[in-house]
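Hi,

Here is the structure I promised to pass on. Have a look at it first, and my notes on what turned up follow below.

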Amino acid sequence: MTARVALITGGARGLGLSIAQVLAERGYKLLLVDRDEAVYATATGLGGDSGGVTGCVADLTVSDDVERLVEFVRGSFDGLDVLVNNAGITRDARLGKMEPEVFSSVIDVNLLAPLRLTFALDSSFRDGSSIVNMTSRAALGNFGQTNYVASKSGLIGFTRGLALQWSPRTRVNAVAPGLVDSAMSRAMPEDVLGGLVAKIPAGRIGEPEDVARAVAFLAGDESSYITGQVLTVCGGRSISA
Amino acid sequence: MSTHVLRGSDPSDADELGAALEVAFRAIKNAIANDDAVVVVVPSEDLLGHRSPVGAAYVNALIGMTRAVAFEGARVGWKINTVAVPSTSELTDRQAIDAVAADGLTGQVLTLGTALVGRLIP
């Protein structure tokens, strides 16, 4: 049986790496894309000598890089089974202090880049393929994140619209993580982090693997009747008081 | 408090989407700075992507802005809501303002018409 092929953006580290690890364990052939050259070491570390994991450096806000990546996919694989639009940034500021270019820089990376890449890869998707867009619980609203919230909420809209347009060939879903253990969370003052965790009904911070397993579920055939949906992985925070 | 009505555009690709969102951001930021209430009017078909993926991205990004700004300004009285109406409707600005006039209503999406009854509403 031919291995399924998955492309993961922002795959050098963090959540992208965790997603890659889970998909690799499930036998996927991986293409990890990142702006950071560390993606090569990540790919080597994950795939060893198997050749099952390839790293690629690309800035997905640059059209030439997107074209080069699409050509690479066409030249390297018979088709694409899974796309995980994971790359994202934050540039927080209160509304009054957020300059338009700061707003748009986050929109560019978190919303426009996934749109452009997904459309550019259109002809590469196989029948039965799956797209998982990484959005955020913050899409429901968050302080000082007008740009980030808009980008992630916009990505949910894109998920639904594309799910309708590309059915039945390709399913399109989103995962919305809540607070997850990361470099960003570990940089928070202990009392601030503790206060946030106290509001999570599950009683703990999320682990990257919690999110990665949700992505793997939506990527694979176990979710073959699910499209256009958002799976919120937040330990119940989005329904708590 | 006067009210600023923002009627969205209809972007057809990523470039137009980015430009339209920045225009909306500037308008909302200016309105809030002027202590205006904000009503964002969007086509209800785009809430769930019934017209196009790009249109759905745009409308849902506007809803995200509505929620983020409401979240940030709830304690100081900022008022911003979204009214979703069928694209065939000829809703006037006055009607849009009246639809979300209730005291304390902010950060909400009010969907007019019946097309989305029984559907998941963002």
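Strand β6 (residues 170-177) of chain A runs parallel to β7(A), and the two are paired over four bridges. One residue pair to look for here is V175(A), whose bridge partner in β7(A) is L231(A). Please keep in mind that this is a predicted model.

These two strands belong to an open sheet of seven strands with parallel pairing, in the order β3-β2-β1-β4-β5-β6-β7 (chain A). Because β3 (53-57) and β7 (230-233) of chain A stand at the edges with a single partner strand each, one side of each has no neighbour in the sheet. On average, neighbouring strands of the sheet are turned by 20° against each other, direction ignored.

Two helices that pack on this sheet are worth a look:

- Helix α1 (residues 14-25) of chain A touches β1 (5-9), β2 (29-34), β4 (80-85), β5 (125-134) and β6 of chain A, and its direction makes about 170° with that of β1(A).
- Helix α5 (residues 146-166) of chain A touches β5, β6 and β7 of chain A, with its direction at about 165° to that of β5(A).

Buried in α1(A) are G16(A), S18(A), I19(A), A20(A), V22(A) and L23(A). The buried residues of this helix pack against β1, β2, α2 (38-47), β4, β5 and α8 (208-219) of chain A. Just after α1(A) comes G27(A), which takes a positive phi of about 90°.

Best wishes

Notes:
Residues numbered from 1 in each chain as written. Chains lettered and ligands numbered in written order. Predicted model: local features only at pLDDT ≥ 70, side-chain atom pairs only at ≥ 80, totals over all residues. Heavy atoms only, no water. Pairing = 2+ DSSP bridges. Axes fitted to C-alpha atoms, helices over the stretch in contact; angles between N-to-C directions. Contact = heavy atoms within 4.5 Å. Buried < 20%, exposed > 50% of the residue type's maximum accessible area, 1.4 Å probe, protein only.
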